[in-house]
Amino acid sequence: MENLKKVAFYTLGCKLNFSETSTIARSFKDEGFLRVDFNEAADIYVINTCSVTDNADKRFKTIVKHAQKANENAFVIAVGCYAQLKPEELAAVDGVDLVLGATEKFKITNYLNDLSKNEMGEVHSCEITEADFYVGSYSFGDRTRAFLKVQDGCDYKCTYCTIPLARGISRSDELENVLENARKISQDGIKEIVLTGVNIGDYGKGEFGNKKHEHTFLDLVKALDEVEGIERLRISSIEPNLLKNETIDFVAKSKAFVPHFHIPLQSGSNDILKAMRRRYMRELYVDRVQKIREVMPDACIGADVIVGFPGESNEHFLETYNFLNELDISYLHVFTYSERDNTSAAEMTDVVPLKIRKKRSKMLRGLSAKKRRAFYESQLGKTKNVLFEGENKEGYIHGFTENYVKVKTPWDPALVNTLQKIELQKIGEDGLVRFSYVEEQITA
């Protein structure tokens, strides 16, 4: 064991990146590498980058320094979205030896013949138009849930977004392959699968390397619901224009899909939605929320919102704030707009000062806390199933109900990765819900 070369991984960004890091890690294992924690000394450090926020760009340098501290002679590799968008910039960071773009990252072990440190990072990056094939992946976030990638890339042209430049065209995994991965996950005793992708509602497109559709997102959902052994399936994030009534109706009566939807909104102003080149107006968003509430009154509904987009006046922002305040949703993910190179929004005039962007962000975060609290209060006295996670956090174990209410109770290792029937009782000072058991504790 001592002679095995060691590799460590660090992932920035979304659940999709986590699932891809796991797949890359498995390819190292197949080549005889031993995976160690990122804080330990390793021969190779792989950093999977993100470019969605400015912060992720800046954090990269800090993470490289961290790796060098653990082993100054280690070989440092950058992959992921930022590596595709700005490979030269990453290659110039002190300590980086290799930068791999969107198609190369899954062939990473082919580049490891020479692990001697480079003066300047070596770049292997394709034109993004070449990223037209699909690599399936899945990861274990912990022993409790896994992220299963079903789709990659995006054909949308939102004016603020670099993802199509970083990940290429929309393409999907073959249905049978997704089902096979889901079976593998369930055989590992994992209770929950979260479906991930860049634009998962677009599932089916590019399933056979072309634009021909054999399957749709609804077909995928129906087929996954039949996989034996999966207790819970969760849809991570889906565009409002791609979340169809048939899918909502199916989830409402399905065996494994949970009543939790995360639907990007981005703005509550139609003027701003048009400037962002989103594919819907706010009225469609209201329809989606009303439809979910009609068939799943207890569903948890989350929304993404961007504040401070160019041209967002005080009136536009108040329109968004009031729209969200009145909408029957459960929480918000708030993003402060940041300019990204090679996007048309970065060229727009009427830029909102950073100070105002931050102020608006703070207001919406406050609204989100209020929404979450109201949602939790609406669930008190109800009986739900909670899936407990594996971490001991200051003497407590946490878990989520099917509709994404977070609960806590004193640590008990026997509860890890078990489903328990509970009654939600009260909200603690920390904002998490306390409960009582409805049945004898079930161990799995």
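In β5, Val99 is the bridge partner of Ala78; helices (H or I, at least four residues) and strands (E, at least two) are DSSP runs here, numbered from the N terminus. The model is predicted, so local features need pLDDT of at least 70 and side-chain atom pairs count only at pLDDT 80 or more, while totals for chains, interfaces and linings use all residues. Residues are numbered from 1 along each chain as its sequence is written, and side-chain values use heavy atoms, with hydrogens and water left out.

Two bridges tie β4 to strand β5 (residues 98-100), and the two run parallel; strands pair if DSSP finds at least two bridges between them. Strand β3 (residues 44-49) also runs parallel to β4, joined by six bridges, with Tyr45 opposite Val76.

As for burial, six of the six residues of β4 (residues 75-80) are buried, so the strand is largely enclosed by the rest of the structure. Buried means under 20% relative accessible area, exposed over 50%, and partly exposed in between (1.4 Å probe, protein chains only). In a regular strand the side chains alternate between the two faces of the sheet. Phe75, Ile77 and Val79 point one way from β4, while Val76, Ala78 and Gly80 point the other, and all are buried.

Turning to the helices, α8 (residues 245-253) packs against α10 (residues 282-295) at an angle of about 25 degrees, with the axes 10 Å apart. That makes α8 roughly parallel to α10 (angles under 35 degrees count as roughly parallel, over 145 as roughly antiparallel, 65 to 115 as roughly perpendicular and the rest as oblique).

How values were computed:
Axes fitted to C-alpha atoms, helices over the stretch in contact; angles between N-to-C directions.
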